[in-house]
Amino acid sequence: MRILGSYPSLRMRRNRKSDWIRRLVSEHNLSTNDLILPLFVREGTKKKEPIKSMLNVFRYSIDELSKVVEKACKLKIPLIALFPYTESLKKDQFGSEAFNPDNLICRSLRTLKKRFKNDIGIMCDVALDPYTTHGHDGIFRNNEIENDETIESLIKQSLLQAEMKCDVIAPSDMMDGRIGQIRSALDKKGYKNIQIVSYAVKYASNFYGPFREAVGSKKKLKGDKKTYQMDFKNSLEALREVALDIKEGADIVMVKPGMPYLDIIKNIKDNFKIPIFSYQVSGEYSLIQNGIKNNIINKDAIMESLISLKRAGSNAIVTYFALEIADQLK
Ligand code: PBG
């Protein structure tokens, strides 16, 4: 880029001299339309249970969940993402609870869709980890995660969620080939309008700890997820993942985590013309939240972190700060 002009006739600070001009020349902005709210569901009634490692994030029973979703609706948050906390007794090696039409997610979908209709979108994770005794996203056999057998389970889970009127299916499991197979299974059953947000680029990250506590898979997890989630040393590989998932029928791709992967988001934005969601994950959330609580950083750090994700090229962001920021933007 050639710079036209030079100091003293050129002064960059002129366009920063007051709030109104900064507003006029701002290149990126955040609106409520950019926010996706993740929510954790648990059994019982009238329950709002704190999560130790995530300040101000709770597991809600379905009745309480409805109240939060009502708030989200009023604030015009377009989409929520549901995650279940499954009781240990209901977990098994295959994650069978994922196929129970009366599991937490299915009951939540029935309740929320009946009450809120199309006022807010609902996205559900497709992966087995909240339901398995070993905490992995797929079927664990002979010390490995069985790709093709897992896809069969993911298809069942997707069809069930579709039947319960889930709007957006979000496979977060990182099995090869699952997007194409889920898409064709959905189409065969007539669910041609259900969107697929593919977690196309999901890293084997150290920032997922608090989430695993929230869904109760942390203590259970055997080993790590490095044989299916991506190695954080790689970036070109992310482009191949995205290219494949687009070809297989993904409507939107997700990058996860968020802030440590801004380069990846930008790279995808420059190379593909598909909407990108990014996920500011639980570990990022807790770091910022703890920093604020301990007066190490101030609250505006939340906005700065979200704008960085937009600047990199995200169309929308899954963030545990969604309610708070939507309220602030109001
Ligand atoms: C698992 C899943 C994970 C997250 C969303 N879905 C964690 C994992 O892969 O172990 C993490 C989200 C977060 O940390 O906020 N399918």
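Me: Lys 330: buried or exposed?
Reply: Lys 330 is exposed, with a relative accessible area of 73%. The cut-offs on relative accessible area are under 20% for buried and over 50% for exposed, with partly exposed in between (1.4 Å probe, protein chains only). This is a predicted model, where local features need pLDDT of at least 70 and side-chain atom pairs count only at pLDDT 80 or more, while totals for chains, interfaces and linings use all residues. Residues are numbered from 1 along each chain as its sequence is written, and side-chain values use heavy atoms, with hydrogens and water left out.

Me: Which side chain does Lys 330 meet in a salt bridge?
Reply: That of Asp 327, at 3.2 Å from N to O. A salt bridge here is a side-chain nitrogen of Lys or Arg within 4 Å of a carboxyl oxygen of Asp or Glu. Asp 327 is partly exposed, at 41%.

Me: How many salt bridges by this rule?
Reply: The count is 23. Among them is Glu 49 with Arg 42, whose closest N and O atoms are 3.0 Å apart. Glu 49 is partly exposed at 26%, whereas Arg 42 is buried at 18%.

Me: And which residues are linked in a network?
Reply: Salt bridges link Glu 43, Glu 87, Lys 90 and Arg 107.

Me: What about Asp 245, buried or exposed?
Reply: Buried, as is Arg 178. The two side chains form a salt bridge at 3.4 Å, N to O. This pair links distant parts of the chain, 67 residues apart: Asp 245 sits in helix H7 (residues 236–248) and Arg 178 in helix H5 (residues 178–188). Helices (H or I, at least four residues) and strands (E, at least two) are DSSP runs numbered from the N terminus.

Me: Which residues are buried in H5?
Reply: Arg 178, Ile 179, Ile 182, Arg 183, Ala 185 and Leu 186. Down the axis of H5 they fall within an arc of 165°, so they line one face of the helix. The arc is taken over directions from the helix axis to the C-beta atoms.

Me: What covers the buried residues of H5?
Reply: The cover includes strands E5 (121–126), E8 (168–171) and E9 (195–202), plus helices H4 (147–163) and H7. Contact means heavy atoms within 4.5 Å.

Me: Switching topic: how many residues in the largest nonpolar core?
Reply: It has 106 residues, and those with the most contacts inside it are Phe 40, Leu 82, Met 123, Val 201 and Ile 268. Such a core is a set of buried Ala, Val, Leu, Ile, Met, Phe, Trp, Tyr and Cys residues joined through side-chain atoms within 4.5 Å.
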